[in-house]
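Subject: Handing over a structure, with notes

Dear colleague,

I am passing on the structure below, and I would be grateful if you could look through it with the notes that follow. They start with the strands and then turn to the helices and an aromatic pair.

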Amino acid sequence: LDNLKNVKFTFNLQTNLNEKEKISEEINLVLYRIFVECLVNILKYAKASKVTANIIKMPESITMVIEDNGIGFEIGVVNRKEQHGLIVMRERAYSLNGQFEIRSAISEGTKVTITLPL
């Protein structure tokens, strides 16, 4: 990741979680791993100037949305052997009976949404 030293973007995190709320270790780990994978992908590929992350806890679920204003990509064109990170993120969400959605378009950025049941 040495070639990413000069990559900069504005980051905004919003959440309704507080320090007293307990989320299972499994859910924490899945959200963390997906979050890191998203940020690495944004750093490597997106050329974004703005990244937002929203983590919203509802009574029955928790949703994390990560969105950038980068160059975007055509989802159907991604080389799945070289870009297996997208598959891994999806499988992590599915491992906890969650949902995974990714939306992207050229010049329109990318949005990743993960919803996990509590």
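Two strands are said to pair if DSSP finds at least two bridges between them, and the strands (E, at least two residues) and helices (H or I, at least four residues) are themselves DSSP runs, numbered from the N terminus. Please keep in mind that this is a predicted model, in which local features need pLDDT of at least 70 and side-chain atom pairs count only at pLDDT 80 or more, while totals for chains, interfaces and linings use all residues. Residues are numbered from 1 along each chain as its sequence is written, and side-chain values use heavy atoms, with hydrogens and water left out.

With that rule, strand 3 (residues 61-68) and strand 5 are joined by eight bridges in the antiparallel sense, and one of the residues concerned is Met64, whose bridge partner in strand 5 is Ile114. Strand 5 also runs antiparallel to strand 4 (residues 99-104), to which six bridges join it; here Phe100 stands opposite Ile114, and Gln99 stands opposite Thr115. Strand 4 and strand 5 form a hairpin with five residues between them, and Ser107 in the turn has a positive phi of about 65°.

Taken as a whole, the sheet is open, with five strands in the order 1-2-3-5-4 and mixed pairing. Strand 1 and strand 4 stand at its edges with a single partner strand each, so one side of each is left without a neighbour in the sheet. Strand 5 (residues 110-117), by contrast, has six of its eight residues buried (under 20% relative accessible area, with a 1.4 Å probe and protein chains only), so this strand is largely enclosed by the rest of the structure.

Finally, Phe11 and Phe35 form an aromatic pair (ring centres within 6.5 Å) that is edge-to-face (planes over 60 degrees apart), with 6.1 Å centre to centre and 75° between the planes. Phe11 lies in strand 1 (residues 10-15) and Phe35 in helix 1 (residues 25-46), so the pair ties together parts that are 24 residues apart in sequence.

With best wishes

Definitions and conventions: Phe/Tyr/Trp six-rings, centres within 6.5 Å; stacked < 30°, edge-to-face > 60°. Buried < 20%, exposed > 50% of the residue type's maximum accessible area, 1.4 Å probe, protein only.
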